[in-house]
Each structure stands twice: as C-alpha cells, then as structure tokens.
Amino acid sequence: MNLLEQALEDYVSIRRSLGSQLRQPASLLRNFVAFLRTEGALRITTTLALRWATQPTGVEPYRWAARLGMVRRFAIWYSAMDSRTEIPSVDLLLFRRRRKPPHIYSEEEIERILRRTRQLPSSKKLRARTFTTLFGLLVASGMRINEALSLDRSDVDLERGILHIRRTKFRKSRYVPVHPTTVAALKKYAEGRDRLLPAPSTPAFFISERGRRIPAKTAQYNFAKVSQQLGLRAPAKYHGCGPRLHDLRHRFATRTLIRWYRTGLDVERELPKLSAYLGHVHVNDTYWYLEAVPELLQLATERLIPREVRR
C-alpha cells in the first residue's frame with residue numbers, strides 16, 4: 001500500500017467517525033487512487049483529477065462535477081501531508097444536477113395502486129399484505145422507502161402511534177407520529193404477519209414470505225410492476241422511466257404545503273416543521289417543492305404578490 005492509498009483509508013476512517021457514511025465516495029476515491037497508480041503519479045494533480053472525473057461516457061455532466069468534487073475534498077485534506085498536492089478549482093466542471101419533476105399521484109391513482117397491490121400473488125398470503133401496508137405507510141407519512149424497511153418491531157410504537165427512524169440518510173434519527181388510521185393499518189398488518197409467520201429470522205417490522213427483511217430494490221420492483229399493470233409506467237424494465245415509488249414522498253410534502261396555503265397558515269413559519277418531519281437536513285430541501293410543483297408556485301405567488309398588483 002503506497003502513501004496515497006494509506007492516506008485515503010485514513011481519510012475515509014476519519015470522515016466516517018465524524019458521521020459520514022461515505023459509501024459511494026469511498027469506492028470512487030479508491031478507483032481514483034488506483035488510476036493515479038496506473039498513470040505512475042505519486043501526487044494529485046488537477047490534470048489527472050479532471051481526466052479521471054470525466055472518464056464515464058454517456059452520463060449527465062453533473063456526475064463529472066460530483067466525481068471531481070470528491071477528489072477536491074480529499075485533495076484539500078491530503079495537501080496538509082503533501083504540499084505538492086494540487087487542489088482542483090471549484091470553477092471547474094460547473095454542472096448542477098437537475099431534479100426530476102415529481103409525479104404527484106392523485107387520490108384515484110393511489111386507490112388503484114393499493115387495490116392492485118392487494119392482488120399480488122402470494123404463496124403464504126403475506127406478500128400482498130406487506131406491500132399494501134408498506135405503500136400505504138409511505139403515502140400517509142412521506143417516509144423514505146429505506147426508512148420504512150429499516151423499521152424494527154421495537155421502532156413501531158402502536159400504543160402511542162410513533163415510529164422511531166434510526167440513523168438513516170445523513171445519519172440522523174427522528175420520531176415520526178402517524179395518524180390513528182395509519183396505526184390501525186399497521187396493527188392489522190402486524191397481527192396477520194405474526195399469524196402467518198410467527199418466528200421470522202429478523203426483527204424487521206416489514207418482512208418477506210421467507211421471514212427476512214425486504215431490500216429496497218424488491219419494494220421498488222413490486223411498485224413498478226403494479227404501476228405498469230395500471231398503465232402508470234411503460235412496460236419496460238422496472239427501473240425505466242415513469243412515476244416512482246419515491247414520488248409518494250413528494251406527494252405527501254406537496255399536499256401538506258397546498259393544504260397549509262389553502263387554510264391560510266403562515267407557510268414560512270410552518271415549513272421547518274415539515275422539513276423536520278421529512279428528515280431534511282436543510283429547510284431549502286423542502287423549499288424545492290415550491291418551484292417543482294406548478295400549483296404550489298401559483299399559491300406562493302398569490303400569497304406574496306398583492307391582488308391589485310397582479311391585476
């Protein structure tokens with residue numbers, strides 16, 4: 001292991017000890033250091049960093065910028081040990097990722113999705129129960145799919161109607177209160193689950209017919225297949241284009257904001273509450289919905305601009 005390789009492992013360890021998961025960046029930076037070794041380079045240079053960052057073909061330019069940003073942060077840290085290190089300028093590869101416009105599911109679409117999910121074939125009659133309840137929870141709470149699937153039985157307080165989300169995205173934990181109707185649905189699922197599989201091999205709240213925790217890809221696949229059968233997605237591979245499972249989270253956020261505007265609440269004052277409930281790190285992540293959804297943008301405009309001026 002050369003000095004750069006050892007330095008990278010130290011960098012990854014330090015970042016993780018400070019709370020960063022650094023999964024993909026760690027893998028990509030190891031690839032970058034291997035690239036430097038192949039090039040016969042003993043230090044980081046801007047030229048080599050740029051060449052490595054722009055290696056992938058057929059990708060959106062923002063991915064090049066993201067790769068270069070990973071190298072830049074590592075180079076800043078490593079420059080304290082090797083003064084010859086070149087730190088790529090922040091002015092290089094100024095590309096930003098464009099968020100995909102969310103699909104805001106209608107009530108009718110949600111009803112069709114849940115009705116079709118109840119019909120999923122199931123040898124033990126658990127698959128349909130599990131995914132119907134899981135998708136319903138995402139609709140009712142706006143949780144991320146990984147958050148819901150990471151719930152253990154001990155995280156679901158059915159007496160008080162509170163879910164404990166533990167160290168998920170951005171390594172943050174929070175408590176999520178849910179509506180009594182959601183609690184009732186979770187109780188019904190838990191009773192059926194325990195009756196059909198009384199001794200699963202996992203403490204997970206949502207389990208497969210094999211008694212195991214469900215991977216996010218499996219949930220996304222089932223949601224995509226149901227959506228295809230309903231005509232909401234094109235009949236292609238499950239990761240193809242079309243409304244996504246994550247759009248259920250967008251639906252929850254936008255419907256909450258629209259309800260606040262229509263009832264005359266001070267959205268600026270209320271927004272941090274929604275941000276905390278959704279587990280956003282910054283309130284700006286929640287502000288994005290105002291420009292992403294036309295109805296929200298119109299409501300915000302009407303609130304900010306006096307009627308006489310708009311005339």
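Predicted model: local features only at pLDDT ≥ 70, side-chain atom pairs only at ≥ 80, totals over all residues.
Which residue in strand 3 is the bridge partner of leucine 163? Valine 176 is.

Residues are numbered from 1 along each chain as its sequence is written, and side-chain values use heavy atoms, with hydrogens and water left out.

Strands, then. Helices (H or I, at least four residues) and strands (E, at least two) are DSSP runs, numbered from the N terminus. Two strands pair if DSSP finds at least two bridges between them. Strand 2 pairs with strand 3, residues 174–177, in the antiparallel sense over four bridges. Strand 1 also pairs with strand 2 in the antiparallel sense, over two bridges. In that pairing, aspartate 157 stands opposite isoleucine 162 of strand 2. Four residues separate strands 1 and 2 in a hairpin, and glycine 161 in the turn has a positive phi of about 70°.

Next, helix 8. The expected span of a helix is 1.5 Å times one less than its number of residues. Helix 8 has 17 residues, 180–196, and should span 24 Å; its end C-alpha atoms are 24 Å apart, which agrees. Buried means under 20% relative accessible area, exposed over 50%, and partly exposed in between, with a 1.4 Å probe and protein chains only. The buried residues of helix 8 include Val183, Leu186, Tyr189 and Arg193. As a group, the buried residues of this helix pack against helix 6 (127–141), strand 1 (156–157) and strand 2 (162–165); contact here means heavy atoms within 4.5 Å. Threonine 182, also in helix 8, counts as buried at 9% relative accessibility. Leaving aside neighbours within four places in sequence, threonine 182 is in contact with Leu137 and Ala140.

Now the cores. A nonpolar core is a set of buried Ala, Val, Leu, Ile, Met, Phe, Trp, Tyr and Cys residues joined through side-chain atoms within 4.5 Å. The largest has 59 residues, and those with the most contacts inside it are Leu134, Leu163 and Phe206. Not counting residues up to four places away in sequence, phenylalanine 206 touches Leu134, Leu186 and Tyr189, among others. A second, separate core of 27 residues includes Val12, Leu28, Phe35 and Trp52.

That brings in the aromatics. Rings of Phe, Tyr and Trp (its six-membered ring) pair if their centres lie within 6.5 Å; planes under 30 degrees apart count as stacked, over 60 as edge-to-face and the rest as tilted. The whole structure has twelve aromatic pairs. In one of them, phenylalanine 32 and tryptophan 52 have ring centres 5.3 Å apart and planes at 65°, so the pair is edge-to-face. Phenylalanine 32 lies in helix 2 (residues 23–38) and tryptophan 52 in helix 3 (residues 46–53), so the pair ties together parts 20 residues apart in sequence. Phenylalanine 32 is buried at 0%, and tryptophan 52 is buried at 0%.

Finally, charges over rings. A charge sits over a ring if NZ of Lys or CZ of Arg is within 6 Å of the ring centre and within 35 degrees of the ring normal. The charged end of arginine 67 sits over the ring of tryptophan 52, 3.9 Å from its centre. For arginine 193, the ring is that of phenylalanine 205, with the charged end 4.8 Å from its centre.
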